[in-house]
Amino acid sequence: MPKHHTALSQSGILSTLANVRIRNFNWSDLDTLQHLLNEAGRHGHRDWPSNSNDLRSELEFPRVKPEQNIALAMAGSEAVGYAIVEPESNIGRSVIGLGSSLVGLATRNQLLEWAMDRAKTEAPIAHLSTRDNESELEKLIDQFGWKKVRKYLKLVASAELIPAPAVMPEGFSARTMLGLDEVPELTYLQNSAFSEHFGYSPNTEDEISARLTAADSNFDDVVMIHDANEQLVAYCWTQVQDRAGSKVGRIGMTGVLPTARKKGLGRAIAEVGYNHLLTRNVDSVELDVDSVNAPAIKVYSSMGFERSSEVNWWRRSL
């Protein structure tokens, strides 16, 4: 595909096709971006919050730096598309996200070029995700030389939310996180549990602390399992979002210490986290799982989760 060149004007706005201009996000654009996300519907790997307060918490995460890593496609005063670049220099990649309220590809073309240029300044490799309803976008990125490398499944439980058995193996006990003094152990467990997972970027203690103290988070969002020696061996990071008037529970990061595996803790922590969300009167529970992780898919299926959509991950050298 021929490259469409953009020109930087004195005002700092990139002129683009069809009277649509690309410019960097400002915090004053928060409500505008939220409206765009709601209009765009499901796309990419993220399930964005539906209100500006929760969106602000997402964008305030230390790695995001939205004023330099988010671009808006503006048609007059209306935002019709966005791109986000999330640098992960510690593993040599950036994650790109794209969304648009328009059917045409011209705006997405421009946003993709902006994102690739921005990502190239941070890392030599980029990953990009597409939902299974974004076939036109997939054709575009395929023409840009991206290659599919992984598939994730989005699962949801929404009917008959009955508490799971959550049988605790002998010698282990579950509770919620108590405070920041547990951050070092949680950080170690998370990085150890996910060290071999596709695309995982290790977190620092400061990043974990920032997530825990964000406006939309609480310490008791994190459910923990300890052994008889009070060592943290498993955890489940949960979240509740108000999305389109519905309380949606989310099972986020769920991991078991590598030295404590094959003891039934994977199922136990998943079920404990699920039950924890049910105590918060959620209308549904959702999660993402790698399509090659057959044991986890088996556990979640037995808990009543069903596939709602799929996410393709793409890779490109920049």
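Helices α1 (30-40) and α2 (residues 52-59) pack at an angle of about 105°, with their axes 10 Å apart, where axes are lines fitted to C-alpha atoms, for helices over the stretch in contact, and angles run from 0 to 180 degrees between N-to-C directions. The two helices α1 and α2 are therefore roughly perpendicular to each other, given that angles of 65 to 115 degrees count as roughly perpendicular, those under 35 as roughly parallel, those over 145 as roughly antiparallel and the rest as oblique. Helices (H or I, at least four residues) and strands (E, at least two) are DSSP runs, numbered from the N terminus. This is a predicted model, in which local features need pLDDT of at least 70 and side-chain atom pairs count only at pLDDT 80 or more, while totals for chains, interfaces and linings use all residues. Residues are numbered from 1 along each chain as its sequence is written, and side-chain values use heavy atoms, with hydrogens and water left out.

On the α1 side, Leu30, Asp31, Leu33, Gln34 and Leu37 meet Ser52, Leu55, Arg56 and Leu59 of α2, contact meaning heavy atoms within 4.5 Å. By class, the residues of this contact divide into 5 nonpolar, 2 polar and 2 charged; here Ala, Val, Leu, Ile, Met, Phe, Trp, Tyr, Cys and Pro count as nonpolar, Asp, Glu, Lys and Arg as charged, and the others, Gly among them, as polar. Helix α2 is mostly covered, with 6 of its 8 residues buried, where buried means under 20% relative accessible area, exposed over 50%, and partly exposed in between (1.4 Å probe, protein chains only). Those buried residues are Ser52, Asp54, Leu55, Ser57, Glu58 and Leu59, and what covers them includes α1, α3 (66-69), β4 (70-75), α7 and β11.

Val183, Pro184, Leu186, Thr187 and Gln190 in α6 meet Glu205, Ile208, Ser209 and Leu212 in α7, a contact with 5 nonpolar, 3 polar and 1 charged residues. Helix α6 is mostly covered too, since 8 of its 11 residues are buried, namely Val183, Leu186, Thr187, Leu189, Gln190, Asn191, Ser192 and Ala193. The buried residues of α6 pack against α7, as well as against the strands β10 (222-226), β11 (232-243) and β12 (246-256).

From helix packing we turn to space. On a 1 Å grid over the protein atoms alone, a cavity is a set of points where a 1.4 Å probe fits but cannot get out, and a pocket is an open set with protein on both sides within 12 Å along at least five of seven lines, lining residues having an atom within 4 Å of a point. Grid points are joined across faces, edges and corners, and a volume is the space filled by probe spheres set on the points.

The second largest pocket holds about 370 Å³ of space, and of the 22 residues that line this pocket, the closest to its centre are Gly41, Arg42, Asp47, Arg131 and Arg243. Its lining divides into 7 nonpolar, 6 polar and 9 charged residues, with α1, β8 (147-157), β13 (284-290) and β14 (306-317) each supplying at least two.

The structure also holds 2 cavities of 30 Å³ or more. About 70 Å³ of space lies in the largest cavity, which is lined by His43, Gly44, His45, Arg46, Trp48, Tyr82, Ile84, Gly97, Leu98 and Ser129, with β5 (78-88) and β6 (93-100) each giving at least two residues. The second largest cavity, of about 30 Å³, is lined by Leu98, Gly99, Ser100, Arg108, Glu134 and Leu137, and β6 gives the most to this lining, with 3 residues.

Lys263, in the loop between β12 and α8 (265-278), counts as partly exposed at 44% relative accessibility. Not counting residues up to four places away in sequence, Lys263 touches Pro169 and Phe172, and the C-alpha atoms of Lys263 and Pro169, 94 residues apart along the chain, are separated by 7.2 Å.
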